[in-house]
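This report walks through one protein model, from overall dimensions down to individual ring contacts. Keep the structure open beside the text.

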Amino acid sequence: MKIRVPATSANLGPGFDCLGLALAFYNDVVIKPSNSLLIDVVGEGSDRENIKRDNTFVKIFYEIYEELVSKKDNFAFTFINNIPFSRGLGSSSSVIVGAIASAYHLAKVKIDKQSILDRALKYENHPDNIAPATFGGFVVSIVNGNRVIKIKKELPNNINSVVVIPNEPISTKVSRTLLPKSFIMKDMVFNLSHSSFLSSAFMSENWDLLKYAAKDKIHEDKRMSLMPELFDVRRVAQENGALMSTLSGSGSTFFNLTYKQNSKRLCEALKSSFGNFKVLELEFDNNGFVIFDE
Ligand code: HSE
């Protein structure tokens with residue numbers, strides 16, 4: 001089998017741990033029966049030996065597969081990785097969602113996408129990346145006990161994203177510990193109102209209102225000060241046709257949304273200002289993960 005899982009961008013400014021969307025940029029994993037456990041990595045991570053020794057996908061896969069079939073089978077895993085690690089593009093959620101869905105598929109146990117998402121919450125306790133990785137589109141999700149409750153909106157094809165990917169990673173775990181434990185009322189009201197407004201703008205396709213909504217007082221500036229060039233990325237993006245420009249997840253990537261007709265210009269402006277960063281023009285994904293039988 002092969003599973004393809006999209007990259008994601010979470011938070012979208014004020015929607016901390018709640019809002020996310022899927023990008024047409026994918027990790028593929030090919031899994032075949034084998035006489036012994038084999039792991040091969042192509043693309044991102046192929047230069048890291050420890051990914052073969054200590055592989056999170058393989059660990060989660062076997063935890064679930066063995067629970068379902070009550071025996072150990074060997075497989076050969078080939079990871080074709082495009083999503084860079086620790087850059088806020090959902091590489092961890094692609095691993096988690098991909099491993100759970102593949103384990104059920106190869107164990108021949110039927111499961112729906114909602115139940116896969118609920119299981120994924122055990123491995124990543126905020127749903128803003130795992131929900132769009134599962135369902136695609138723009139997803140608003142909340143946690144209720146050990147379930148994710150979500151509303152998905154398919155994204156139309158008159159908008160595009162332009163992502164700016166620095167070489168340096170920012171670890172989500174570490175950067176979460178740097179955030180304050182409590183916030184003042186004024187900032188909470190700011191984020192709640194902007195996050196509600198942003199969701200409504202997405203749902204009603206009012207793209208021109210995003211520039212008012214995509215602002216945050218909880219995490220962005222604190223995280224961006226770890227890599228101050230990101231303030232320039234936001235400014236240049238806003239000056240060159242970005243309808244919104246936000247830190248992607250916990251960074252270090254910057255996510256920009258633009259009308260499709262402006263996307264090339266925005267991409268070129270960002271490339272010429274930030275030659276040391278990777279700039280990609282990406283469409284949105286509305287499917288979430290997909291499994292192909294090889
Ligand atoms: N919402 C998470 C955070 C990142 O900002 O720490 C996305 O998984």
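Among contacts in this predicted model between residues at least 6 apart in sequence, 74% join residues at least 24 apart. Buried residues account for 54% of the 294 residues. The secondary structure comes to 11 helices and 11 strands. The radius of gyration is 19 Å, close to the 19 Å that the globule rule gives for 294 residues, so the protein is as compact as a globular protein of that length. Along the principal axes, the C-alpha atoms fill a box of roughly 55 × 40 × 35 Å.

**An enclosed helix**

Helix α5 covers residues 127-135. Nine of its nine residues are buried, so α5 is largely enclosed by the rest of the structure. The buried set runs from P127, D128 and N129 through I130, A131 and P132 to A133, T134 and F135. Which elements cover these residues? Among them are the strands β1 (2-10), β2 (19-33), β5 (138-144) and β6 (147-153). The helices α3 (91-107) and α4 (113-120) also contribute to the cover. After α5 comes G136, with a positive phi near 75 degrees.

F135 has a charged neighbour as well. The charged end of K150 sits over the ring of F135, 4.1 Å from the ring centre. A second case involves K217, which lies over the face of F190 at 4.8 Å from the ring centre.

**An open sheet**

Four strands form an open sheet in the order β8-β9-β7-β10, with antiparallel pairing. Its edge strands are β8 (244-247) and β10 (278-282), each pairing on one side only. From one strand to the next, the twist averages 20 degrees. Inside the sheet, six bridges join β7 (residues 159-165) to β9 (residues 254-259), and these two strands run antiparallel.

**Aromatic rings**

A pair of aromatic rings is described by the distance of the centres and the angle of the planes. The count for this model comes to 14 aromatic pairs. Two of them share Y62, as the table shows.

| Pair | Centre to centre | Angle between planes | Class |
|---|---|---|---|
| F61 and Y62 | 5.3 Å | 85 degrees | edge-to-face |
| Y62 and F77 | 6.1 Å | 75 degrees | edge-to-face |

Why is the pair of Y62 and F77 classed as edge-to-face? Its planes stand at 75 degrees, and angles over 60 degrees count as edge-to-face. Y62 lies in helix α2 (residues 56-69) and F77 in strand β4 (residues 75-81), so this pair ties together parts that are 15 residues apart in sequence.

F57, F61, Y62, Y65, F75, F77 and F79 form one aromatic cluster.

Key:
Residues are numbered from 1 along each chain as its sequence is written. This is a predicted model: local features need pLDDT of at least 70, side-chain atom pairs count only at pLDDT 80 or more; totals for chains, interfaces and linings use all residues. Side-chain values use heavy atoms; hydrogens and water are left out. Rings of Phe, Tyr and Trp (its six-membered ring) pair if their centres lie within 6.5 Å; planes under 30 degrees apart count as stacked, over 60 as edge-to-face and the rest as tilted. A charge sits over a ring if NZ of Lys or CZ of Arg is within 6 Å of the ring centre and within 35 degrees of the ring normal. Two strands pair if DSSP finds at least two bridges between them. Axes are lines fitted to C-alpha atoms, for helices over the stretch in contact, and angles run from 0 to 180 degrees between N-to-C directions. The radius of gyration is taken over C-alpha atoms; the globule rule is 2.2 Å times the number of residues to the power 0.38. Buried means under 20% relative accessible area, exposed over 50%, partly exposed in between (1.4 Å probe, protein chains only). Contact means heavy atoms within 4.5 Å.
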